Amino acid sequence: MNLQLQPHSEVQKSHVNDFHRDVLKGLKSHPKKLSSKYFYDKAGDRLFQEIMAMPEYYLTQCELDIFKNKTADLARLIIPENEPFDLIELGAGDAMKSTFLLKHLVEKGTQFTYMPIDISGNILSILKEKLSRELPDLEIQALEGEYFEMLQKAASLSARRKVILFLGSNIGNMDAGEAESFCYSLNQNLASGDRVLIGFDLKKNPHIILNAYSDQNGITAAFNLNLLTRINRDLAADFDLKQFQHYQTYDPVSGACKSYLVSLKQQTVKIGNDSILFEENELIDMEISQKFSTEKIEELREKSGFKHLGEIKDSKNWFVDTAWQVNKDNQY
Ligand code: AVJ
């Protein structure tokens, strides 16, 4: 037996256990619920890349505008001067946007280590391969796992100042309460002087928002349905994908953009040894993509205890990257 392989397979096994537990718990609650953090297997990563390339999905173009055309402003806002630091990216994915900042910093000879954190080992290998080709001088330490576990790992690897990127309105996948406790924990887990840059998708004409999440080609629908395929494969389930339909809503008052799968008939689905009954038209709550007002962002900052550093918007004012600093004893 190869002992070196053991820890890895143990980790894989506990991943499957967490997944199994979360799926059953979600499908046994009312309303039924699945977590969008599980969208990103190999097929899910590919579908999300297709979404980012759709003209309707404006978020990527907006944040790209910031990272591509306002790179120097961005660097001035978040990069500590004359001090080596760690640049950590939560949910890095293929780092399409941050690569522009990385290039800028490497060209200026800035001393830092890039630490992408992602739940998808698949996308991290793609990213490592891409960066070693495009930026051979970049120091990179990829961390596969959940955000806070990997932040602790990053803290144990070096005592340098941390700059955290949390882009793409990934924060929108949390409801208001979850976003508050996430930002609060982020503040608690960092040291005084550490900085965060968070990408928020702003409220705008509701048609534009709804369109971004209900494309005519069905890519977003396929992205949602792919989680059922993943459950079928990894948890020995028998979802019939033809009997579930994607349904998207946007409430311009609360800013909640939500996606559901609708059961098209009464049906029983087996998941391993468990059976789940779906009534006709019963919903599975799949994902929230929260949209923000400037006031809400300010409220979130205040409640979590950060100090405001500044912000950069895209040229349409549809998206904002907001910079905050940890301010443990009011010394900044
Ligand atoms: C990756 C969470 C930012 O909510 O906009 C895209 C995922 N879902 N289309 C988002 C997503 C449907 C996306 N985030």
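Helices (H or I, at least four residues) and strands (E, at least two) are taken as DSSP runs and numbered from the N terminus. On this assignment, tyrosine 38 lies in the loop between β1 and α2 (42-52). The structure is a predicted model, in which local features need pLDDT of at least 70 and side-chain atom pairs count only at pLDDT 80 or more, whereas totals for chains, interfaces and linings use all residues. Residues are numbered from 1 along each chain as its sequence is written.

The pLDDT, the predictor's confidence in each residue on a scale from 0 to 100, averages 94 over the protein, and 95% of the residues score at least 70. For the complex, the predictor gives an ipTM of 0.99 and a pTM of 0.92. Over residues 1-9 pLDDT stays under 50, and the model has zero contacts there beyond four places in sequence; two residues are in contact if their C-beta atoms, placed from the backbone, lie within 7 Å. Where pLDDT is low, the predicted coordinates should not be read in detail.

An unreviewed UniProt entry carries the annotation "domain: Histidine-specific methyltransferase SAM-dependent" for residues 20-325. UniProt positions are given in the numbering used here, feature names are shortened, and annotations may be inferred rather than shown by experiment. Over residues 20-325 the chain is 40% helix and 26% strand, with 37 Å between the end C-alpha atoms.

The largest nonpolar core has 56 residues. Such a core is a set of buried Ala, Val, Leu, Ile, Met, Phe, Trp, Tyr and Cys residues joined through C-beta atoms within 7 Å; a residue is buried if 20 or more other C-beta atoms lie within 10 Å of its own, exposed if 12 or fewer, and partly exposed in between, with C-beta atoms placed from the backbone. Leu87, Ile88, Ile117, Leu165 and Phe166 have the most contacts inside this core. Isoleucine 88 touches Met115, Ile117, Ala154, Lys162, Ile164 and Leu165, residues up to four places away in sequence not being counted. Another core, of 19 residues, lies apart from the largest one and includes Tyr40, Phe244, Val269 and Met286.

Serine 169 is found in the loop between β6 (161-166) and α8 (176-189), and it is buried because 22 other C-beta atoms lie within 10 Å. Its phi is positive, at about 60 degrees, although serine 169 is not a glycine.

Asparagine 82, in the loop between α4 (71-78) and β2 (85-90), also has a positive phi, near 50 degrees. Asparagine 82 counts as exposed, with 6 C-beta neighbours inside 10 Å. The peptide bond from histidine 30 to proline 31 is cis, with omega near -5 degrees. Most residues other than glycine have a negative phi, and most peptide bonds are trans.

Tyrosine 38 counts as partly exposed, with 19 C-beta neighbours inside 10 Å, and touches Phe19, Leu227 and Arg230, residues up to four places away in sequence again being left out.
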